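Hi,

Here is the structure I promised to pass on. Have a look at it first, then read my notes below.

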Amino acid sequence: MNPALDPAPIRTPLTVLLAAPRGFCAGVDRAIQIVERAIEKYGAPVYVRHEIVHNRHVVDRLRSLGAVFVEELDECPDDRPVVFSAHGVPKSVPAEAGRRQMLYLDATCPLVSKVHVEAQRHYEAGKEIVLIGHAGHPEVIGTMGQLPDGVVTLIETVEDAQAFTPKDPANLAFATQTTLSVDDTAGIVGALRARFPQMAAPHKEDICYATTNRQEAVKSVSARADVLLVIGSANSSNSVRLAEVGARAGCVAHLIDDASALDFAWLDGAQTVGVTAGASAPEDLVQGVIDKLAERFDLTIEMEEAAREAVTFKLPRLLSEAETA
């Protein structure tokens, strides 16, 4: 038989549930634009203190444009612009930049800045502050660094909440990291409230809208999927939380940087795969995973929408289009 006349091999059908929303949030989009526009306006190099967002592909692309990523301000020269990452920085960082007369641009997500303002307000009211978050995460370091050392107590787990001994149980307030698991945080807050019912809460939920929406979408997808693929870097808190939420919902979840990390063995016997992306992962990485799946499977793609987002944040005045020359 002529091989050229052989029918094409039959590919296994696979339904892909695309979570919505997924990928970039308004704070990440703003932070990346700040670096891009700073390079356009001031030329390369533009220094960035810490990764602007936690995604390897985003960082590599900005590095190719002329961004230089450093961990501390003392690695930056005085005569080049420096951008502070979306995660926020301790107050000492802009103070030092000002002392050195550096040109700096603050790309802190406005929703993280809201937590900073709340912490300051509680401190000025004389309250003892509890911060729910992950030790060592730059957002936590930045939030705790808004106030004097020792003022904020970090709580990471329900066990921490149960062991915490405040100076004055009747004079407590709490804040949270913006990228936490909604369910885990509710458990920690519940443990604290059971012990300290007068504890003051944020005016509005600290966990940001993007984190909440993406986790809700993952819960919906995971209820129908055999396997969940979360696109995001391992140092991205919100991406790691998405994989955890999917696993807790009963789905086999895998966190991958991009399509090159996809192992087809994960999909043996699967009929439905969920796909989402952390808030710092660009949409082209999602498309790359879908393209790779299409090489092996006959895909049916469905959208699983949990919410619609229309949030945008303004750029710093130094970079706005309205600025005059």
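Leaving out residues up to four places away in sequence, Val 35 touches Val 48, Ile 52, Leu 62, Ala 67 and Val 83. Keep in mind that this is a predicted model.

So where does Val 35 sit? It belongs to the largest nonpolar core, which has 26 residues, and Val 35, Ile 52, Val 53, Leu 62 and Val 83 are the ones with the most contacts inside that core. Two or more residues each come from helix H1 (26-42), strand E2 (46-49), helix H2 (56-65) and strand E3 (67-70). H1 gives the largest share, seven residues. Another core, of 22 residues, lies apart from this one, and its members include Leu 14, Val 275, Ala 277 and Ala 281.

Is Val 58 buried or exposed? Its relative accessibility is 4%, and buried means under 20%, so Val 58 counts as buried. Ser 280 is 222 residues away along the chain, yet the C-alpha atoms of Val 58 and Ser 280 are separated by 8.0 Å.

Finally, strand E1 (residues 12-20): seven of its nine residues are buried, so E1 is largely enclosed by the rest of the structure. E1 pairs in parallel with strand E12 (residues 297-305) over nine bridges, and with strand E11 (residues 272-277), also in parallel, through four. Look at Thr 15: its bridge partner in E12 is Thr 300, while in E11 it stands opposite Thr 272.

Cheers

Conventions:
Residues are numbered from 1 along each chain as its sequence is written. This is a predicted model: local features need pLDDT of at least 70, side-chain atom pairs count only at pLDDT 80 or more; totals for chains, interfaces and linings use all residues. Side-chain values use heavy atoms; hydrogens and water are left out. A nonpolar core is a set of buried Ala, Val, Leu, Ile, Met, Phe, Trp, Tyr and Cys residues joined through side-chain atoms within 4.5 Å. Buried means under 20% relative accessible area, exposed over 50%, partly exposed in between (1.4 Å probe, protein chains only). Contact means heavy atoms within 4.5 Å. Two strands pair if DSSP finds at least two bridges between them.
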